[in-house]
Amino acid sequence: MQHFAIVTFGCQMNQHDSDRIAEVLRGAGLSQVPEPEAADFVLLNTCSVREKAEQKLRSEVGRLGVLKRERPGLVIGVAGCVAQQEGERLLKKLPQIDLMIGPDNIPELPALLADCEAGGPPRVRAEFDLAAPSFLAHNLAQGPALGSPSSAGRSTSAFVTVMKGCNERCSFCIVPYTRGPERYRPAREILEEIAQLTQVGVREVTLLGQTVNSYTDPSASFAPAAGERASDWQHTAHERARADESEFPELLHAIARRAPKLARLRYTSPHPHHLTRSLIRAHRELDVLSRHVHMPVQSGSDRILKRMIRRYTVAEYLERVTALQGAVPGLTLSTDIIVGFPGETRSDFEQTLDLVARAGFVGVFAFKYSERPFTPALKLGDDVPESEKSARLAELFEVSNAIRQRYLSSLEGSELSVLVEGRGKGGQWGGRSERNEIVHFSSPHELAGRLVQVRIVRANKNSLLGELAETVDALAPAEFAASVAEPMAAKPLRRLPLSPV
Ligand code: SF4
C-alpha cells in the first residue's frame, strides 16, 4: 500500500483530525494523493453533528464501491463521528467498508491497515481512550498537508487541540455520544506544541475543543490566583458561578508567556458557562487574544434553552458577553443558533431575533433543527413544520445580515491590522483582521504571513476591501522563524476556515 486519500465531511474539528490522520499515515510511509481514484486506501472522515451524515457516507461508499470492483485491493475506511456512532451496524449494511475507526483510535491506523493488507476481516475499532487520553499534535517533521492555500507555499495559522469530548448534555447534540466525556491535554504538551509552531513561522493559533474554555490541566500545573474563584454575576447563583471557573484563563496566560512572538490567539468553541470573570480578565490583560469571540447561544428563549438543556438563561448569557465587551473595547461576537427546535413557537423565535439584535452578533451560523440518533431531543418530537423552519431561518439571516452589513460599513475609513494569509484567485492579497473580518487588498510585494495595516475603502457583503497602509512586520515568516529560534524543517501548515463546531 503506497497512496492514501482522505475525504472530509463536516466541521473544522474533523478537518483538523484529517490533517493529523494524514500525518500519521505519512509517518507510516504512505503518500497522500488528492483524488480517491489514485489511492490504495481511501478514508472517509465523517461528521454527524448537523448533516445527513449517513446518507452522504452511503453515496460516497457506493461511488468507491465501483472503484473497488475494478481494483479489489482498494481499502475503504470510515473515521470520525459516524464510525464511532454506527460501528458494526454500518459495516453490516455497507460491506464495501474494510475499516471503521473512532476519533480516539487514529494512532492505531497503520497497524489496522497492515491487518487489512494481510487479508484480515473488516474491523471496527472505536474505543474511547478514557484511561490514557492521547491528542494528535502537529508533526512538524512531516510534509505539507495537501491543499495548503498560501500562494507563498506556507501558512501562518494552525489549530491546536487542548481538550476533547463534552460533559454537557445538550438535548439536540450527539457529540457527547460520539466523542465521549471531557478529557484535557496536559498544559506542558500544549505549550510545547505552540512554541514549536511559532519556531516554524506560525503567527496565529486557534485552540480547539468541544467546550474549549472548560479546560483544566490534568497535570495540575496551574496554581489558581487568589480571588479568581470569586464571582459577582447578578444572574447566576454564586456556587454555580464558582463551578463554572476553569483553568482556561491560566492556560491563555501561560501560552502568552511561552510564545511571546505569537501574533494572535483564538479559541473555538467556548461554552457560555465558562465565560467567567477570570476569562474576561484574561481578555483584558492579553493583547494576543483576538478581539472576536464566537459564543454559541442556540436560542433567545429561556423556555427553549431549558428544553435544549443549555443550563443558562438569556439574561445570564447577555450579562456575561456584555461584561466581556465592556472589558475589551471593540470586541465583536458571533454565535450559533438552531431554529425550529421542538416546541419552538413564533414567540420563542421572536425572542431569538430580539437577542440577535441586542447582542449585535456580527456573524450568525444558523441551522434548522433536525433529529439526531441517540439524542434526548428525539423524545420531544420534531413538531415545527419544515416550511416554517425554512421561513424562520430566512428571517433570521435577514436580520443578522443587516447587522453584519451595518457593522462592516462602519469600518470604512478605518485602519485594521491584518495577518496576510495568501493571494486569492484574482491576485489580491487576503487576510483576517484581529477581529476575524476578511480583508482583501492589492500589493505587488510578497506579504504572506506578515502583519500589515490596511485602510478600509469598501465593505462588501462578507468581506472588506482596503488599501495597504503599512507593513508592520519587518520580517518575512522565514526570517521571523529564524529570529525566534533555530528553524526546524519548516513545512506549510494548512489554513482552515473558521466556522462553528
Ligand atoms: S452542543 Fe456543544 S456543549 Fe452541547 S453537548 Fe454538543 S458539544 Fe457539548
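Me: What is the handedness of the crossing of H12 and H13?
Reply: This is a predicted model, where local features need pLDDT of at least 70, side-chain atom pairs count only at pLDDT 80 or more, and totals for chains, interfaces and linings use all residues. Residues are numbered from 1 along each chain as its sequence is written. A crossing is left-handed if the near helix is turned anticlockwise from the far one by less than a right angle, and right-handed if clockwise. For H12 and H13 the crossing is right-handed.

Me: How are the axes of H12 and H13 oriented, roughly parallel or roughly antiparallel?
Reply: The axes of helix H12 (residues 346–359) and helix H13 (residues 386–410) come within 10 Å and cross at roughly 15°. Axes are lines fitted to C-alpha atoms, for helices over the stretch in contact, with angles from 0 to 180 degrees between N-to-C directions. Angles under 35 degrees count as roughly parallel, over 145 as roughly antiparallel, 65 to 115 as roughly perpendicular and the rest as oblique. H12 and H13 are therefore roughly parallel.

Me: By class, which residues make up the contact of H12 with H13?
Reply: From H12 come Phe349, Thr352, Leu353, Val356 and Ala357, and they meet Arg392, Leu396, Val399, Ser400 and Ile403 of H13. Contact means C-beta atoms, placed from the backbone, within 7 Å. Ala, Val, Leu, Ile, Met, Phe, Trp, Tyr, Cys and Pro count as nonpolar, Asp, Glu, Lys and Arg as charged, and the others, Gly among them, as polar. The contact has 7 nonpolar, 2 polar and 1 charged residues.

Me: Which residues of H9 and H11 make their contact?
Reply: The axes of helix H9 (residues 277–285) and helix H11 (residues 314–327) come within 9 Å and cross at roughly 20°. The two helices are therefore roughly parallel, and their crossing is right-handed. The contact is made by Ile280, His283 and Arg284 of H9 with Ala323, Leu324 and Ala327 of H11.

Me: Which helices are included in what covers the buried residues of H9?
Reply: Buried means 20 or more other C-beta atoms within 10 Å of a residue's own, exposed means 12 or fewer, and partly exposed lies in between, with C-beta atoms placed from the backbone. In H9 the buried residues are Arg277, Ser278, Leu279, Ala282 and His283. Their cover includes helix H8 (248–258) and H11.

Me: Which peptide bond is cis, with omega near -5°?
Reply: Look at the loop between strand E11 (264–268) and H9, where Ser269 lies. The cis bond runs from Thr268 to Ser269.

Me: Why does Gly102 count as buried?
Reply: Gly102 sits in the loop between strand E5 (99–101) and helix H4 (109–117). Leaving out residues up to four places away in sequence, Gly102 touches Ala83, Gln84, Arg125, Ala126 and Glu127. Gly102 counts as buried because its C-beta neighbours inside 10 Å number 25.

Me: Is Gly73 buried or exposed?
Reply: Gly73 is in the loop between helix H2 (53–70) and strand E4 (75–80). Its C-alpha atom and that of Asp40, 33 residues apart along the chain, are separated by 7.1 Å. With 10 other C-beta atoms within 10 Å, Gly73 is exposed.

Me: What is phi of Ile309?
Reply: Ile309 is in the loop between helix H10 (302–307) and H11. Because 14 other C-beta atoms lie within 10 Å, Ile309 is partly exposed. Its phi is positive, in a residue other than glycine, near 55°.

Me: What is phi of Asn436?
Reply: Asn436 lies in the loop between strand E16 (429–433) and strand E17 (438–442). It has 18 C-beta neighbours inside 10 Å and so counts as partly exposed. Asn436 is a residue other than glycine with a positive phi, near 90°.

Me: How do the residues of the shell around the ligand divide by class?
Reply: The ligand is surrounded by Cys166, Glu168, Cys170, Cys173, Val175, Pro176, Gln210, Thr211 and His271. Near here means a C-beta atom, placed from the backbone, within 6 Å. The shell divides into 5 nonpolar, 3 polar and 1 charged.

Me: How many helices and strands does the chain have?
Reply: Helices (H or I, at least four residues) and strands (E, at least two) are DSSP runs, numbered from the N terminus. Of the 501 residues of the chain, 47% count as buried. The secondary structure comes to 14 helices and 19 strands.

Conventions:
Two residues are in contact if their C-beta atoms, placed from the backbone, lie within 7 Å.
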